[in-house]
Amino acid sequence: MTEGAGDQVFFEWILSYGLHSVISGTNPFFTQVLNAPHGVNLAANTSMPVLAVVFAPVTAFAGVATTFATVLTLNFCCSALAWRAFFRKYLAKSEIAASIGALFCAFAPGFIAHANGHLNWTAGWIAPLFIWRLFQLGESTRWKRNGVLLGLVIVLDYSVNPEALFFTVLATATFLSVWVTDLKSRNRVWQLFRTTLAGLAVATTVSATLLIYPLYMHFRGPQSFEGTGYSQLTYSEELLSYVSFPRHSLAGLLGLSGGHPPNASEATSFLGVLLPVVIFATWRVRRAAGGSAVPVLPALLITGGAFLILSCGPRLRFDGHRTAIAMPYALLARLPLFNSALPLRMGLVVVVVVGALAVLVIDRAMAEGSPVRRNIWALALIGALLPLVPLPLPTTARPAIPRFIADGTWQQFVPRDGTLMTLPLTSDVAPDGQRWQAFTMVRGSRVATMPGGYFLGPGGENGKGRTGAVPLPTSALFENAALTGVVPNVTDSDRRQASRDLEVWNVRLMVIPDELGPGVHGRLYHQCLVDTANALFGPGFRVSDVLVWKPTIH
Amino acid sequence: MFFTGRSVLPTPKLTSEGGSVNRARISAEPTFRHSLKRQLAFAAVSLASAVYVTFGLWIDPGLAR
């Protein structure tokens, strides 16, 4: 993927580790094959253990890149199917209305943006599945059975994307608290409350029992951390983004895109003119229906409005700049779970609410509007939706896994208790090494243990989490050389420091492939890396299609 | 509907008293086969759209490696 190469490698690694843990029986929530010698807490990362295990046969037989493409494709498809079934059941008589809304919710610009590497955030089916099972609690007297099913759905959703489950729970609670106040019958409210509460107790018991170990590992396991490795001030949505057009869309193709997302994967809202069109249409529907005839509208509007404000984060951002204006999220930012969430992703709730409102509007227009009015609404919605039609995700070819790794030659140089180090150290900036390791896991042979990696772990500012391993001077030296193309002036002090760092990592071999993959933040300078390694460790030697250096400390 | 306050789609079922079938309602409802066809058509559209979006990944030369 051109714009999410690091994230793609991370999720491919996750899927490979799923297969590895099935084959070798290793802990699916903690590993020491990456970030040696400290390891990685997978429960605190987006490790998707259920999907990784379910798709392990595909990974084993077709390779992890195929699994990645399969899961991504099925996520989109299943999201559309789930939303259509949900809308048909709860919101719309019209199949056309439900289908249009479902396609929008599955392929909305925010989800397309996340598809640039964020495999977990394309699982849009998480929300309709959870809400459907939750509503079933209030619709039936079979609270035990429904409670167990909801508990299992919570476990599945949590395993795929806990952050999305958290947002779904918050949004559903907001929606229901408004919707219930509109119910006329107290008996109906009491009946709903009673069966829902009983079912929720069962669901909580089931999910807590199944999730107790992953939750323990997440919050108290080795290499766990507080908060997030990303700044909530940066990952906040701009208000203008809600009415901007996305880059990878028909509008973007015509040069109409705008907004300032933190990166291509996090362009969450970007609804263009759809937002004002839907709000205006909703107002018309409400007025035509006399307000109370559509009790779901206030609940949807308040939920959407609340999440739109929350998605703006602790400080208002405007035109790419952070202002001093405090936003309501600032009051929540230190609370548990909120301190780990990225506010702008709450914009995805707004996206879904807009989809639901569009379903209602289309449904009403088809049922009650005159032919002329129907055509006007159809044209307005087509005009609003057409610019948002996504373009295929941009991709570029990646270099092949070096033969040195692929044919297992590396095993002759690295003893079982040692690590193999890629130069630069594998990280979110240069994720090639992690991809090689994923390959060795899928191959089912010995796994190349490595220092570094792209993951979330401890060691960030103020005791928070951070992205990747805590850098040691030598890893920083190589990363700077690779990114800037400037060979550092290596001194004896650097050589002594490198010796100490290699000892910490237990490195037995350092490798630079003939062909470096594209860096996440731009080109990586191959010759500069070779010159730096030669200056630091003496001349390396060629084996197969890589240059290697053996440290002298062992 | 559940949330919109409108009447739900007619559901064919035997009434508890008398055991007669509400034929007027059934005739107004799309048949199961018809509904299945539409669902399959939507599933095909969804899958085609998903493949279109992820097309680059399926033709990536790195796929087979």
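pLDDT is the predictor's confidence in each residue, on a scale from 0 to 100. In this predicted model, chain A has a mean pLDDT of 92, and 99% of its residues reach 70 or more. Because the model is predicted, local features need pLDDT of at least 70 and side-chain atom pairs count only at pLDDT 80 or more, while totals for chains, interfaces and linings use all residues; side-chain values use heavy atoms, with hydrogens and water left out. Residues are numbered from 1 along each chain as its sequence is written, and chains are lettered from A and ligands numbered from 1 in the order in which they are written.

**Confidence and chain B**

- Helices (H or I, at least four residues) and strands (E, at least two) are DSSP runs numbered from the N terminus, and among the elements of chain A the lowest mean pLDDT, 87, belongs to helix 16 (residues 371-385), while the highest, 97, belongs to strand 2 (residues 40-41).
- Chain B has 3 helices and 0 strands, its elements running α-α-α from the N terminus on.
- Of the 65 residues of chain B, 22% count as buried, where buried means under 20% relative accessible area, exposed over 50% and partly exposed in between, with a 1.4 Å probe and protein chains only.
- The accessible surface of chain B comes to about 4500 Å², of which 64% belongs to carbon and sulfur atoms; the areas come from the Shrake-Rupley method with a 1.4 Å probe, and for residues only the protein chains shown count as cover.

**Nonpolar cores**

- A nonpolar core is a set of buried Ala, Val, Leu, Ile, Met, Phe, Trp, Tyr and Cys residues joined through side-chain atoms within 4.5 Å, and of the 122 residues in the largest one, A:Trp13, A:Leu72, A:Phe76, A:Phe87 and A:Phe104 touch the most other members.
- Helix 15 (residues 347-368) of chain A gives the most to this core, with 15 residues.
- A second, separate core of 22 residues includes A:Val490, A:Ala498, A:Met510 and A:Leu516.
- A:Leu72 is in contact (heavy atoms within 4.5 Å) with residues of both chains, including A:Met1, A:Leu393, B:Thr54 and B:Leu57, when residues up to four places away in sequence are not counted.

**Strand pairing and hairpins**

- Strand 3 (residues 315-318) and strand 4 (residues 321-326) of chain A pair in the antiparallel sense over 3 bridges, pairing being assigned if DSSP finds at least two bridges between two strands.
- Within that pair, A:Arg315 has A:Ala326 as its bridge partner in strand 4, and the two strands form a hairpin with 2 residues between them, where A:Asp319 in the turn has a positive phi of about 50°.
- Strand 10 of chain A runs antiparallel to strand 8 (residues 507-513), to which 4 bridges join it, and A:Ile512 stands opposite A:Leu547 in strand 10.
- Strand 10 also runs antiparallel to strand 9 (residues 541-543), through 3 bridges, with A:Phe541 opposite A:Val548; strands 9 and 10 form a hairpin with 2 residues between them, and A:Ser544 in its turn has a positive phi of about 55°.
- Both faces of strand 10 (residues 546-549) are covered, with A:Val546 and A:Val548 on one side and A:Leu547 and A:Trp549 on the other, all buried.

**Cis peptide bonds and positive phi**

- The peptide bond from A:Ala36 to A:Pro37 is cis, with omega near 5°, and A:Pro37 lies in the loop between strand 1 (30-31) and strand 2 of chain A.
- A:Asn35, in the loop between strand 1 and strand 2, has a positive phi of about 55° although it is not a glycine, and it counts as buried because its relative accessible area is 5%.
- A:Met48 has a positive phi of about 45°, again without being a glycine, and lies in the loop between strand 2 and helix 2 (49-54) of chain A; its relative accessible area is 0%, so A:Met48 counts as buried.
- A cis peptide bond with omega of about 0° joins A:Leu423 and A:Pro424, and A:Pro424 is in the loop between strand 5 (419-422) and helix 18 (432-443) of chain A.
- A:Ala482 in helix 19 (residues 473-484) is 58 residues from A:Pro424 in sequence and 6.9 Å from it in space, C-alpha to C-alpha.

**Buried serines**

- A:Ser244 is found in the loop between helix 10 (186-220) and helix 11 (250-253) of chain A, and it counts as buried because its relative accessibility is 11%.
- A:Ser311, in helix 13 (residues 296-311) of chain A, counts as buried because its relative accessibility is 0%.
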